[in-house]
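Have a look at the sequence and the fold first, then read on.

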Amino acid sequence: MILSCSHIKKSFQGEDILKDVSFHINEREKAALVGINGCGKSTIFKMLVKEYEPDSGEIVFAKDCTVGYLAQHQDITSDETIYDEVAKAKQHLIELERTIRRLEAEMKESSGTELEQKMKQYTDAVHLYERENGYAYRSELTGILKGLGFSEEEFSRPVSSLSGGQKTRLCLGKLLLTVPDLILLDEPTNHLDMESIHWLESYLVTYPKAVLIISHDRYFLDRIVTKVVSIEHHTARTYEGNYTQFSQKREQIRIQEQREYENQQRTMKHQEEVIEKLRSFNREKSIKRAESRVKMLDKMEVIKKPQEDSGSMRISFDPQIISGNDVLHVEDLSKSFDRNVLFSNLSFDIKRGERVAIIGNNGTGKTTLLKILNGQLPADHGLFRLGSNVTIGYYDQEHQVLDQNKTIIEELQDAYPDLGNTRIRTILAAFLFTEDDVFKQIGSLSGGEKGRVSLAKLMLSKANFLILDEPTNHLDMVSKEILERALTSYTGTVLYVSHDRYFINQTATRILELTHQTFLNYLGNYDYYLEKKDTLIQTIPEENTSASPASHTTESSTKADWKQQKEQQAKERKRENDLKKCEKEIEELEKRNEEIDQLLSQADIYSNLSKLSDLGNEKKANEERLEQLMELWETLIS
């Protein structure tokens with residue numbers, strides 16, 4: 001065991017944040033600390049690094065344990081370059097290297113006893129340098145910087161020129177290079193792109209020491225942790241397994257506790273009714289029996305009512321009308337800003353009921369595309385059109401659709417003037433805005449609060465085509481899961497941009513990856529995307545007149561793979577069209593057979609042998625054709 005926390009209590013200004021928190025971390029264990037926003041996760045980290053002291057309880061580390069801590073935000077000031085700043089993590093090796101070089105120079109000028117002493121110092125220094133893997137520290141340093149998204153061209157940039165997110169990545173690199181016995185990471189993926197997150201996942205899985213992580217990135221936790229410590233109602237409960245297993249076990253426990261509570265309540269109510277009935281008989285024996293049952297009830301250990309998360313939203317999206325099957329058609333869409341081409345000749349279709357996720361690196365134009373589709377930006381070239389009866393509900397990650405000068409209740413009242421005040425307050429309560437909260441000005445709200453207002457407006461819109469830009473930003477894990485359930489049960493169509501891989505995995509039926517200014521199509525969720533992305537074309541070949549023969553071979557192979565994917569997509573579209581035609585013909589033939597049956601019951605038909613024969617032959621032909629169509633349908637649907 002490397003860390004033990006026992007009965008930790010912490011309050012701020014008389015308000016209990018943590019009441020009785022106990023958990024432990026073993027050597028080399030990878031664990032997550034989870035809970036709703038404000039439950040005290042970061043407070044626990046600050047107590048572990050002695051920024052705070054617990055009001056009571058005990059925190060014990062293993063002997064000589066070294067702890068590395070990465071807070072959410074870093075504001076380092078340094079005149080060093082990126083490379084030199086990170087190299088400070090290996091300062092002991094740099095100094096040891098200088099000692100070795102110095103001793104080498106001094107040995108050339110020494111002799112006799114002095115030379116022997118210098119040689120012994122040199123041998124000891126080289127041995128220590130080798131033991132600390134000194135010959136590999138430069139490549140390790142370069143590998144970590146590249147893994148965290150810094151290119152070699154950026155290594156010479158001064159630290160003072162970096163953004164807050166870049167400084168956080170830099171501090172993460174320094175922390176990993178120090179190899180502490182226990183790493184504490186508070187939202188480490190916040191400023192990383194997907195490639196860097198994949199790299200960090202691989203690094204932490206094989207990290208030889210212990211790691212404790214606070215993160216809203218559930219896919220990240222799934223890939224790394226084997227234990228989850230959940231802060232629930234000011235205390236802690238430990239679950240073995242990754243995040244998905246924790247989520248399932250927590251739900252099972254919640255259901256079981258609720259069932260046990262309700263069963264006991266029914267038992268107690270039944271016993272109380274029996275006791276009341278026995279007493280009403282007003283006889284000595286019945287009164288004694290009633291007293292016996294009262295004693296039994298008094299001895300019963302009463303199960304407390306399971307606490308519910310009061311900080312949980314209640315979301316349900318219900319389209320007012322059903323759209324046509326063709327929801328969106330996009331053809332040859334292009335967009336540039338100055339000379340920066342975001343995408344060109346984008347073409348795709350979205351059908352009713354699909355939940356399509358757009359993914360890609362930052363700056364590829366994902367949000368821009370959503371704004372074009374919502375009419376907020378013009379396209380440079382191409383067109384798009386909505387299908388019949390399609391109404392859009394738009395969620396903007398920057399919340400520009402909200403009026404910053406209005407109060408929360410005014411925003412909804414003005415958007416939906418037909419709704420009464422009581423109805424609007426009920427909706428806002430479902431999104432955790434109660435009492436005087438509804439009179440807060442939108443401009444004063446946090447990012448998470450603005451997100452909840454936007455979701456409330458979206459839910460009231462009754463739209464049948466939701467376009468969402470990073471809908472899980474600023475939401476805690478419980479709220480994310482509620483939003484996932486709402487979208488998976490939604491009967492309309494969804495197009496969204498998200499970096500939340502777990503959210504994509506739970507909700508997407510198709511993924512469009514925006515890369516090299518075009519789309520790659522994956523007919524599945526995020527797990528399917530990861531499985532297929534290595535076997536499908538990852539880049540669109542760029543023109544290169546000086547390419548070597550080998551590069552031409554690769555380009556030909558790439559084009560062939562691209563062509564094969566396009567052919568597969570064309571086959572899938574043909575199968576869908578054939579299926580629709582098949583179902584339509586089946587419906588028409590069955591309708592015609594019903595008409596024939598009605599005609600055959602008419603006197604002027606069954607008394608006319610010629611007409612009777614013609615209709616009988618037609619129905620027989622229809623039945624034969626229906627048999628063929630049913631076989632075709634089974635083939636197409638499989």
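## An enclosed strand

Let's start with β15 (residues 465-469): 5 of its 5 residues are buried, so the strand is largely enclosed by the rest of the structure. "Buried" here is under 20% relative accessible area, "exposed" is over 50%, and partly exposed lies in between, using a 1.4 Å probe and protein chains only. Strands (E, at least two residues) and helices (H or I, at least four) are DSSP runs, numbered from the N terminus. This is a predicted model, where local features need pLDDT of at least 70 and side-chain atom pairs count only at pLDDT 80 or more, while totals for chains, interfaces and linings use all residues. Residues are numbered from 1 along each chain as its sequence is written, and side-chain values use heavy atoms, with hydrogens and water left out.

In a regular strand the side chains alternate between the two faces of the sheet. On β15, both faces are covered: Phe-465, Ile-467 and Asp-469 are buried on one side, and Leu-466 and Leu-468 are buried on the other.

## Neighbours of β15

Which strands flank β15? Strand β14 (residues 392-395) runs parallel to β15, joined by 4 bridges, and strand β16 (residues 493-497) is also parallel to β15, through 5 bridges. Two strands count as paired if DSSP finds at least two bridges between them.

β15, helix α15 (residues 477-488) and β16 make a right-handed β-α-β unit; right-handed means that, with the strands pointing away from the viewer, the path from the first strand over the helix to the second runs clockwise.

## The six-strand sheet

Zooming out, the strand order is β14-β15-β16-β12-β17-β18, an open sheet of 6 strands with mixed pairing. β14 and β18 (518-522) are the edge strands, each pairing on one side only. From one strand to the next, the twist averages 15°. Helix α14 (residues 447-461) packs on this sheet, touching β14 and β15, and its direction makes about 175° with that of β14. Contact means heavy atoms within 4.5 Å. Axes are lines fitted to C-alpha atoms, for helices over the stretch in contact, and angles run from 0 to 180 degrees between N-to-C directions.

## The three-strand sheet

Another open sheet has 3 strands in the order β11-β10-β13, with antiparallel pairing. β11 (340-351) and β13 (381-386) are at the edges with a single partner strand each, so one side of each has no neighbour in the sheet. Neighbouring strands are turned by 15° against each other on average, direction ignored.

Strand β10 (residues 326-337) and β13 run antiparallel, joined by 5 bridges, and Leu-328 stands opposite Leu-386 in β13. Helix α11 (residues 366-373) packs on the sheet and touches β10, β11 and β13, its direction making about 125° with that of β10.

## Another covered strand

Strand β3 (residues 30-34) is mostly covered, with 5 of its 5 residues buried. Lys-30, Ala-32 and Val-34 point one way, Ala-31 and Leu-33 the other, and all are buried.

β3 runs parallel to strand β7 (residues 210-214), joined by 3 bridges, with Leu-212 in β7 as the bridge partner of Ala-31. β3 also pairs in the parallel sense with strand β8 (residues 227-232), over 4 bridges; there, Ser-230 in β8 is the bridge partner of Val-34.

## Helix pairs

How do helices α3 (residues 91-108) and α4 (residues 112-131) pack? Their angle is about 150° and their axes are 9 Å apart, so they are roughly antiparallel. The classes are under 35 degrees for roughly parallel, over 145 for roughly antiparallel, 65 to 115 for roughly perpendicular, and oblique for the rest. Residues in the contact include Leu-96, Ile-100 and Leu-103 in α3, and Met-119, Tyr-122 and Val-126 in α4. Also in α4 is Lys-120, which is exposed, with a relative accessible area of 53%.

Helix α5 (residues 137-147) and helix α7 (residues 194-205) have axes that come within 9 Å and cross at roughly 135°, which makes α5 oblique to α7. Glu-140, Gly-143, Ile-144 and Gly-147 of α5 make the contact with Ser-196, Trp-199 and Tyr-203 of α7.
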